[in-house]
Amino acid sequence: MIHEVIDRLEHLLNNFPERLYKIDEAVYSAKPNPAKWSKKEIIGHLIDSATNNHQRFIRIQIEDLPSIRYDQDKWVDAGQYQSMHAVELLKFWEAYNRHLLELIRRIPTAALQRKCMVGTVTYTLAFVITDYVDHLEHH
């Protein structure tokens with residue numbers, strides 16, 4: 001199962017960044033309405049997700065039932081992604097996810113059944129990794 005998830009993440013990283021770099025800055029900055037995120041803010045959200053999941057991927061392996069949760073709206077607001085250049089956000093997103101891909105490849109099979117808390121729900125590391133890639137594909 002984890003090999004399929006690794007393949008999916010690798011596919012995303014090998015096929016989408018090139019297309020994303022070709023989109024105009026104005027398209028990334030446009031907000032569908034004041035209450036919705038721009039494409040820059042969505043990329044920022046994906047960076048925040050990578051950051052929090054990076055912690056999960058490591059801490060689940062070394063701590064007993066860590067609790068790792070974050071408020072995505074507050075993170076996007078505090079990150080101020082709307083004022084950043086889209087290409088710089090994309091470069092960081094891509095580099096961070098390439099790092100996570102290599103990290104995931106090296107997680108021992110036995111560690112995949114270790115658990116963490118997200119809010120009041122317990123998840124295995126295998127689920128957290130799969131959910132992370134599902135989330136990337138969703139966006």
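Helix 4 passes helix 7 in a left-handed crossing. The model described here is predicted. The axes of helix 4 and helix 7 come within 10 Å and cross at roughly 170°. That angle makes helix 4 roughly antiparallel to helix 7. On the helix 4 side, the contact draws on His-45, Leu-46, Ser-49, Ala-50, Asn-53, Arg-56, Phe-57, Ile-60 and Gln-61. Helix 7 answers with Leu-125, Val-128, Ile-129, Tyr-132, His-135 and Leu-136. Sorted by class, the residues of this contact are 9 nonpolar, 5 polar and 1 charged.

Helix 7 itself covers residues 125–138. Its 14 residues reach 20 Å from the first C-alpha to the last, close to the 20 Å expected at 1.5 Å a residue. The buried residues of helix 7 are Leu-125, Ala-126, Val-128, Ile-129, Thr-130, Tyr-132, Val-133 and Leu-136. An α-helix has 3.6 residues a turn, so residues three or four places apart point the same way. Leu-125, Val-128, Ile-129, Tyr-132 and Leu-136 are buried, and these residues also take part in the contact with helix 4. Helix 4 (39–62) is one of the elements that cover the buried residues of helix 7. The cover also includes helix 1 (2–15), helix 6 (86–105), strand 1 (115–118) and strand 2 (121–124).

Helix 4 also packs against helix 6. Two packed helices are described by the angle between their axes and the distance between the axes. For helix 4 and helix 6, the angle is about 25° and the axes lie 10 Å apart. The two helices are therefore roughly parallel to each other. Helix 4 passes helix 6 in a left-handed crossing. From helix 4, the contact involves Lys-40, Ile-43, Leu-46, Ile-47, Ala-50, Thr-51, His-54, Phe-57 and Ile-58. From helix 6, the partners are Ala-86, Leu-89, Leu-90, Phe-92, Trp-93, Tyr-96, Asn-97, His-99, Leu-100, Leu-103 and Ile-104. The contact residues comprise 15 nonpolar, 4 polar and 1 charged. Leu-46, Ala-50 and Phe-57 of helix 4 meet helix 6, and Leu-46, Ala-50 and Phe-57 also meet helix 7.

Helix 6 has a further partner in helix 1. The axes of helix 1 and helix 6 come within 10 Å and cross at roughly 160°. That makes helix 1 roughly antiparallel to helix 6. Helix 1 passes helix 6 in a left-handed crossing. Ile-2, Ile-6, Leu-9, Glu-10, Leu-13 and Asn-14 form the helix 1 side. Trp-93, Glu-94, Asn-97, Arg-98, Leu-101, Ile-104 and Arg-105 form the helix 6 side. This contact has 7 nonpolar, 2 polar and 4 charged residues. Trp-93, Asn-97 and Ile-104 of helix 6 touch helix 1, and Trp-93, Asn-97 and Ile-104 also touch helix 4.

His-45 is found in helix 4. With a relative accessible area of 2%, His-45 is buried. Beyond its sequence neighbours up to four places away, His-45 touches Trp-37, Tyr-70, Gln-72, Val-76, Tyr-81, His-135 and His-139.

Arg-114 lies in the loop between helix 6 and strand 1. Arg-114 counts as partly exposed, at 28% relative accessibility. Arg-114 and Gln-61 are 53 residues apart in sequence, yet their C-alpha atoms are 6.7 Å apart in space. Residues up to four places away aside, Arg-114 touches Ile-60, Gln-61, Ile-62, Glu-63, Asp-64, Tyr-123, Thr-124 and Leu-125. Tyr-123 is found in strand 2. At 26% relative accessibility, Tyr-123 is likewise partly exposed. Leaving aside neighbours within four places in sequence, Tyr-123 is in contact with Arg-114, Lys-115, Cys-116, Val-118 and Val-128.

Most residues other than glycine have a negative phi. Leu-65 has a positive phi, near 50°. Leu-65 is found in the loop between helix 4 and helix 5 (72–79). Leu-65 is partly exposed, with a relative accessible area of 45%. Gln-80 also has a positive phi, near 55°. Gln-80 lies in the loop between helix 5 and helix 6. With a relative accessible area of 48%, Gln-80 is partly exposed.

Terms used
Residues are numbered from 1 along each chain as its sequence is written. This is a predicted model: local features need pLDDT of at least 70, side-chain atom pairs count only at pLDDT 80 or more; totals for chains, interfaces and linings use all residues. Side-chain values use heavy atoms; hydrogens and water are left out. Helices (H or I, at least four residues) and strands (E, at least two) are DSSP runs, numbered from the N terminus. The expected span of a helix is 1.5 Å times one less than its number of residues. Buried means under 20% relative accessible area, exposed over 50%, partly exposed in between (1.4 Å probe, protein chains only). Contact means heavy atoms within 4.5 Å. Axes are lines fitted to C-alpha atoms, for helices over the stretch in contact, and angles run from 0 to 180 degrees between N-to-C directions. Angles under 35 degrees count as roughly parallel, over 145 as roughly antiparallel, 65 to 115 as roughly perpendicular and the rest as oblique. A crossing is left-handed if the near helix is turned anticlockwise from the far one by less than a right angle, and right-handed if clockwise. Ala, Val, Leu, Ile, Met, Phe, Trp, Tyr, Cys and Pro count as nonpolar, Asp, Glu, Lys and Arg as charged, and the others, Gly among them, as polar.
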